[in-house]
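Thank you all for coming; I would like to walk you through one structure today, going slowly through its contacts, its rings and its cores.

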Amino acid sequence: MKKGVKIALWSIAALFLLLIIGLTVLVIVINPNDYKPQITAQVQKATGREFAINGDIGWSFFPWIGLSLEGVTLGNPAGFNPQIPFATVKEADVSVQLLPLLTGDIEIGKIELIDPTLHLTVLKNSRTNFDFSQPSSNNTQSTTATEALQPPEATETPNINIAHLQIDNAHIIWDNQRDGQYVDVTDLDLSANHIGLDRLFPVTLSFNANSKNPDLFSHVTLDGKLMASPQKQHYQLSSLDFSFETKGKINLKATKGIADMDLQWNDANQAQKLLLRQLHGEGDLRIDDVVFNKIHLTKLVFKLHAKSGKLALDPMKANLYDGVFNSSINIDATGDEPQFKITESLKDVNVGDLLKDTTGKEQVSGQFQLQLNANTRGDTQTTFLRNMQGKGSFELDKGILHGIDINEQLQLVNQFIGQGFSRKPVKSKRLGGQVVFTQLNGTFQINQGVLRNEDFVLRSNEFNTTGKGSVDLLPQTIQYRLLVGPGTSGNNELFGEFTKIFGDSQIPILINGTLSDPTISPDWDLLQKKLIQEKGGKLLDDATKQLKKWIKF
């Protein structure tokens, strides 16, 4: 028995030794560069594209069968720019085990790519250069971009295991001539280990991206675990640490983010529908520090749920300028236009710091409270704002209105009275001014993107003000009429002459213009109407008294 075991072990050792000797002789005797023409011809036959290896080919055999290439170029299919190759690689190194291939499995030791460049193109007729389903060089019927980008259908896939994947300094260009989109991804570095289907594996990624339509610059870094199951259309992100920054039409910065996502395609064949309609997913996102369109949030946390074209970000919480932001957003993308339902609240937000960051001006300061319930629809900012409906309330405690001088407006009215109502006084060129208030509040309704407020109240020691008006959210214009009266300890002399003449202490003030640069002035038209009514009434009284005297006489 022992002798039989020894014979078997010696036989295996001998076979292994013969294999090593054979591979060594193979590497020494055969130069793979001698077979470049055959390799090139086979690749061109399989892809229907020009192929070239401009550098050396090398190989290794222990512990894996390995192949290294330099200066690899793969061209575009017919109908695309022949001067721009589809892909180039400065250096490529691949190693694989042979025995698992016999059972249909793929065991790859490593894949290393240095300075790869990829040009992905969509022509105006929707043809793409990244469809390899038709390899014939004479074929000009490529799959359209919509078909090529749809999620892969669930098919039998071999077991794939990659011990290590490394991509250094990749360059990817996305040129969508049909939709006018252009994205240039540079400095892409990717590293992943123990890659396999249906299991989590670690991955790190970083890249820069410049895009047109929209014009954006982005920097992204990711470090976490990924799971991909193409057969089940199931994808998962676990403990993903990330940071990103975008600059341009959208300004967004996030650092120290953590994400856990579990996503699944709902229907791999519905390529023309929005990606949102195809996903099932659950996830949690946490970002320690994020800047979105100059708004600075900290400790942002939200839970994501997606199913059958409906997505919920609920709840969403963050710290916002010494206060708290809470929100719930529900999106329904099952129809022609996405529908949005939004619930939002702000509590004790330092509105002065918020406005300084977003507009560069501190028009208002104080602790801001907001309640909002709204719904809208649309796939652009214009339609989103124009279709908005909703209601809410606002309150600002112990604050200051900067750049609005109500004292000046009252003085202008007194000048108007002092000049015998003959002409409107010239507005003072003095800039600045402010109103210190104890409370500012109101409720509002939103209809077709126009916010209307009928119960504006501002209380201060100098003035008590009520009013109503509207704000058009799309052009961001404002129209308000205020009635300003004396406060608990205000300067009543400013209202004395007005009250004596009109019998009323509520002086009308108008605010118009844009939210970023509003104008304020007395309501001269209303004042003149009140004056005409007052004078007309006085003349009528005098005439009546005189008529009574005549009748007595």
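When I say that two residues touch or are in contact, I mean that they have heavy atoms within 4.5 Å of each other. What you see is a predicted model, in which local features need pLDDT of at least 70 and side-chain atom pairs count only at pLDDT 80 or more, while totals for chains, interfaces and linings use all residues. Residues are numbered from 1 along each chain as its sequence is written, and side-chain values use heavy atoms, with hydrogens and water left out.

Let me begin with threonine 121, which is found in strand β6, residues 117-122 (strands are DSSP runs of E with at least two residues, helices are runs of H or I with at least four, and both are numbered from the N terminus). Not counting residues up to four places away in sequence, threonine 121 touches Phe80, Arg127, Thr128, Asn129, Phe130, Asp175 and Gln177. Its relative accessible area is 12%, so threonine 121 is buried, where buried means under 20%, exposed means over 50% and partly exposed lies in between, with a 1.4 Å probe and protein chains only.

Now to the rings. Rings of Phe, Tyr and Trp (its six-membered ring) pair if their centres lie within 6.5 Å, and planes under 30 degrees apart count as stacked, over 60 as edge-to-face and the rest as tilted. How many aromatic pairs does a search of the whole structure find? The search finds 4. One of them joins phenylalanine 340 and phenylalanine 384, whose centres are 5.1 Å apart and whose planes are at 80°, so the pair is edge-to-face. Because phenylalanine 340 lies in strand β17 (residues 339-350) and phenylalanine 384 in helix α5 (residues 381-386), this pair ties together parts that are 44 residues apart in sequence. Phenylalanine 340 is buried at 17% relative accessible area, whereas phenylalanine 384, at 21%, counts as partly exposed.

Finally, the cores: a nonpolar core is a set of buried Ala, Val, Leu, Ile, Met, Phe, Trp, Tyr and Cys residues joined through side-chain atoms within 4.5 Å. The largest one has 58 residues, and within it Phe368 and Leu440 touch the most other members. Leaving aside neighbours within four places in sequence, leucine 440 is in contact with Phe394, Glu395, Leu396, Leu401, Phe456, Val457 and Leu458. Apart from this core lies another, of 16 residues, including Leu165, Ile167, Ala192 and Val220.
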